[in-house]
Amino acid sequence: MNKDLRFVKQITPKSEDFSKWYGEIIRKAELADYAPMKGMMIIRPYGYAIWENLRAPLDRRIKESGHANAYFPLFIPESLLAKETEHLEGFSPEVAWVTQGGQEELEERLAVRPTSEAIIGSMYSKWIKSWRDLPVLINQWANIVRWEKVTRPFLRTTEFLWQEGHTAHETSDQAHEETLMILAMYKEFVESELAIPVVSGIKSEREKFAGALATYAIEALMSDGKALQMGTSHNLGQHFSKVFNIRYEDRSQNIQYVWQTSWGVSTRLVGALIMSHGDDSGLRLPPRVAPVQVIIVPISIGDWKKDVLPMALKIQNELTGIGLRVELDQREEFTPGWKFSDWEMRGVPLRIEIGPRDVKKNQAVVVRRDNGQKGSVGLASLTENLPGILSDIQKSLFEQALDFQRKNTHDVKTYQEFRSIIEERKGFLRTFWCGNPSCEEKIKEETMATIRVIPLEEDTSMAQGSCILCGKKSDKLAYFARAY
Ligand SMILES: [Zn+2]
C-alpha cells in the first residue's frame with residue numbers, strides 16, 4: 001500500500017550501515033537533534049518521554065530499596081575535586097571548567113560535575129558523625145558534563161542525564177552488599193522494563209572507575225554485535241571517605257571511616273533500546289517504556305469522520321480508561337499508509353486500524369510492531385485482549401534479544417579463533433584470561449576487544465581453562481567484546 005508514500009519514511013537498512021541507520025532513526029522518530037554546540041544533543045519530546053518512562057520504574061525501585069532522592073550542585077570547586085588525585089586524573093581530560101562569573105574572573109576554577117563523588121563526599125563528612133547516622137542512602141537525578149572528543153546521540157554526548165546513587169555504610173560487608181544489590185536491581189530493571197538481556201559481573205582493574213575498589217557492570221549486546229555498558233555499580237571502599245574525611249563513631253565508640261558505594265545509569269539506555277530492538281522500519285519499543293502503546297489509525301475513506309471517527313474515539317477512551325497510553329491519529333494531510341510507517345518508525349507496539357467496513361462488522365484490525373502479525377479483534381473484547389497482547393510483545397522482544405545474545409556469545413579456546421570471530425562476527429567472546437593486565441592490553445591493541453565483565457557466577461561447562469593470549473592456567477572466565 002502507498003509505496004511512493006512509504007518511501008518518505010524509508011531508512012538505510014541496518015545491515016548496510018548500522019551507524020547511519022541509528023542516526024536516521026533518531027532523526028526520523030524525532031528522538032533527538034544535534035545542538036548548535038559540538039557534541040551536544042537536544043532530547044526531543046518523544047525521546048524524552050521514553051527517558052521518563054525508563055526513569056519512573058527505576059526511581060520506584062531505588063526508593064523501594066530504601067534510598068531517597070536529593071540534589072547537589074552542578075559546580076565543584078577545583079580544590080575539592082583535586083583532593084583525590086586518582087579520581088581527578090581519571091576524569092581530567094573530560095572536565096569542563098568555569099573560570100569567570102559575570103565580569104569577574106573566579107579565584108578558584110569550578111568544575112562542571114563529571115560525577116559527584118567529591119561534592120557529595122564533602123557534604124557526607126559534615127552529616128555523618130555516628131553509627132546512628134548510617135547508612136546514608138541517597139540518589140540524585142542530574143545532568144553530567146564530560147568533554148568527549150567523539151560523540152554520538154544518547155551513547156556518548158558532552159552533556160547527558162543520569163542518576164547517581166551515593167551511599168555510606170558502617171562496614172565493608174554492607175557496602176559490598178549494597179553494590180551487588182544495585183547490580184542485581186539494574187539487571188532486573190533493564191531486562192523487565194527495557195526487554196534487553198544483560199550479562200553482569202565485575203570489571204577488570206583496567207576498566208574500573210577511577211578511585212573505586214571494584215566496579216561491577218551490566219553489559220548488553222547490541223544488534224551489530226558490539227557491547228554497550230548499561231549501568232555500573234562501584235564499591236568505593238574507604239578510598240573517598242579517607243580523602244574527604246567522612247568519619248563516624250562506631251558502636252564501640254571508636255572513630256572509623258565509612259564504607260561507600262556509587263552507582264548509575266544514564267540516557268545511554270535510550271540508545272540501547274534503539275540498537276537492541278530497532279529494525280529496518282525503525283524503532284520497536286517495549287510496551288512498558290513506549291510513550292504511545294497503541295496507535296489508532298482510522299481508515300480515511302468515504303465519509304470517515306461520520307462513519308469511523310466516533311468509533312475510533314470510543315476505542316481510545318475505553319483503552320485509556322484501562323490505563324493504556326493511546327493516541328488517535330486524526331491528521332487529514334496524511335494517508336493511512338503514510339501514518340502506518342510513521343508510527344512504525346516511532347516503534348509503537350500496537351496499531352489499531354479501523355475503517356467503515358470494520359465498524360459495520362464491529363471489529364478492528366490489530367497489528368503488532370514486534371512481528372508484523374495482523375488480526376481482527378471484536379470491538380467488545382479489545383479492552384480485554386490488548387493488555388495481554390502488549391505483555392506478549394514485551395516478552396517477545398526480550399526473547400528475540402536473548403536469542404540474538406545467545407547466538408552471538410562464542411566460547412573460544414584459541415587466540416586465532418578469537419581474532420577471526422571478532423573480525424567477522426563480533427559478539428561476546430567468552431574465554432579465560434590469566435588476570436595479567438599486559439595480556440588484556442595486548443588483546444585490546446590487536447583486536448580492539450576489551451573485557452566487558454568477569455561474571456560472578458556462570459552456568460557453563462567452562463570451569464577452568466588457559467588464558468586466551470599467554471596460555472597460563474586460569475579460572476577467570478571473561479566476556480570480551482568490542483564496545484561502544
Ligand atoms: Zn595471559
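These legends describe close-up views of one predicted model. Residues are numbered from 1 along each chain as its sequence is written, and side-chain values use heavy atoms, with hydrogens and water left out. Local features need pLDDT of at least 70, and side-chain atom pairs count only at pLDDT 80 or more, while totals for chains, interfaces and linings use all residues.

**View 1. Four cysteines hold the zinc ion.**
The protein donors are Cys-434, Cys-439, Cys-467 and Cys-470, each through SG. They lie 2.3 to 2.4 Å from the zinc ion. Donors are N, O and S atoms within 2.8 Å of the metal (3.2 Å for Na, K and Ca); water is not among the atoms, so sites may look incomplete. Along the chain the donors follow the spacing C-x4-C-x27-C-x2-C. The 4 donor atoms subtend angles of 104 to 118° around the zinc ion, so the arrangement is tetrahedral. Four donors count as tetrahedral if all angles lie between 85 and 135 degrees. Ideal angles for four tetrahedral donors are 109.5 degrees. Cys-467 is buried, with a relative accessible area of 3%. Cys-470 is partly exposed, at 44%. Buried means under 20% relative accessible area, exposed over 50%, and partly exposed in between (1.4 Å probe, protein chains only).

**View 2. Asp-475 sits in a loop between two strands.**
The loop joins strand 24 (473-474) and strand 25 (477-481). Helices (H or I, at least four residues) and strands (E, at least two) are DSSP runs, numbered from the N terminus. Asp-475 is exposed, with a relative accessible area of 60%. Leaving aside neighbours within four places in sequence, Asp-475 is in contact with Phe-432, Ala-463 and Gln-464. Contact means heavy atoms within 4.5 Å. Asp-475 and Gln-464 are 11 residues apart in sequence, and their C-alpha atoms are 4.5 Å apart in space.

**View 3. Helix 11 has a buried face.**
Helix 11 covers residues 309-321. Its 13 residues should span 18 Å at 1.5 Å a residue, and its end C-alpha atoms are 18 Å apart, which agrees. The expected span is 1.5 Å times one less than the number of residues. Leu-309, Met-311, Ala-312, Ile-315, Gln-316 and Leu-319 are buried. The arc is that of the directions from the helix axis to the C-beta atoms. Turned away from the buried side are the exposed residues Asn-317 and Gly-321. The cover over the buried residues includes helix 10 (304-307), helix 13 (356-361) and helix 14 (382-407). Just after helix 11, Gly-323 takes a positive phi of about 95°.

**View 4. Strand 17 is largely enclosed.**
5 of the 5 residues of strand 17 are buried, so the rest of the structure largely encloses it. Leu-350, Ile-352 and Ile-354 point one way, and Arg-351 and Glu-353 the other. Strand 17 pairs with strand 15 in the parallel sense over 5 bridges. Two strands pair if DSSP finds at least two bridges between them. Pro-298 stands opposite Ile-354. Strand 18 (residues 363-368) runs antiparallel to strand 17, joined by 4 bridges. There, Val-366 is the bridge partner of Ile-352.

Strand 7 (residues 136-145) and strand 8 (residues 159-169) run antiparallel, joined by 10 bridges. Phe-160 in strand 8 is the bridge partner of Ile-144.

Key: Four donors count as tetrahedral if all angles lie between 85 and 135 degrees; four count as square planar and six as octahedral if opposite donors are over 155 degrees apart and all others between 65 and 115; anything else is irregular.
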